[in-house]
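The sequence and model are shown first.

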Amino acid sequence: MRRIGTLAAAGVMLVISAFGAVAQIPPSDAMPLQAVLEKLHDQRFDVRGISYKAPWWGVVLRTPRGGAITTGFDAVTGEMRDDFPVERLTAPIPGDVMTALEVSRKLSDAGGGRITAIRYLEDRYHVDIVTGDSARTVVLDAKTGEPRP
């Protein structure tokens with residue numbers, strides 16, 4: 001993602017891309033994305049996407065039958081939020097793709113910035129990474145984790 005500019009509003013940094021999309025950066029008191037993914041993994045949630053949507057982490061969960069739902073987890077505690085609008089997604093998620101935690105671990109091992117969002121889209125993961133005051137999106141093959149154009 002090519003960063004055009006950043007805005008600070010209510011303690012949340014917004015990154016505006018060349019495509020007009022706005023990605024929210026979690027505030028400093030929020031639980032880090034990696035810690036949220038580890039906690040949800042320990043609770044046996046099958047997480048296939050995560051992004052910060054003030055005041056919570058919006059999470060895409062794969063259901064046992066391959067469907068997907070969105071739900072929210074408190075940004076500070078990582079606990080499920082009852083007030084988040086749960087939504088069933090229409091597109092199924094295959095069981096043979098990496099989980100968001102596996103993607104996060106793979107990129108963390110490589111270094112290169114703080115992951116702020118992981119999105120599964122059509123057999124690819126789109127991962128937003130912030131380094132200093134710049135942001136970029138890395139596209140990975142959903143099964144192997146290898147970079148894609």
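Phe73 is buried, at a relative accessible area of 1%, where buried means under 20%, exposed over 50% and partly exposed in between, with a 1.4 Å probe and protein chains only. Phe45 is partly exposed, at 28%. The model is predicted: local features need pLDDT of at least 70, side-chain atom pairs count only at pLDDT 80 or more, and totals for chains, interfaces and linings use all residues. Residues are numbered from 1 along each chain as its sequence is written, and side-chain values use heavy atoms, with hydrogens and water left out.

The structure contains four aromatic pairs. Rings of Phe, Tyr and Trp (its six-membered ring) pair if their centres lie within 6.5 Å; planes under 30 degrees apart are stacked, those over 60 edge-to-face and the rest tilted. Two of the pairs are listed here.

| Pair | Centre to centre | Angle between planes | Class |
|---|---|---|---|
| Phe45 and Phe73 | 5.6 Å | 80° | edge-to-face |
| Tyr52 and Trp57 | 5.7 Å | 75° | edge-to-face |

Phe45 lies in the loop between helix H1 (33–42) and strand S4 (47–53), and Phe73 in strand S6 (residues 68–74), so their pair ties together parts 28 residues apart in sequence. Helices (H or I, at least four residues) and strands (E, at least two) are DSSP runs numbered from the N terminus. Tyr52 and Trp57 are both buried.

Asp141 belongs to strand S10 (residues 134–141) and is buried at 16% relative accessibility. The Asp141 side chain reaches the backbone nitrogen of Thr144 at 2.9 Å. Leaving aside residues up to four places away in sequence, Asp141 touches Met98, Asp123, Glu146 and Arg148, contact meaning heavy atoms within 4.5 Å.

Methods. A polar contact is a pair of N or O atoms within 3.5 Å; within protein, one must be able to donate a hydrogen and the other to accept it, and residues adjacent in sequence count only if both atoms are side-chain atoms.
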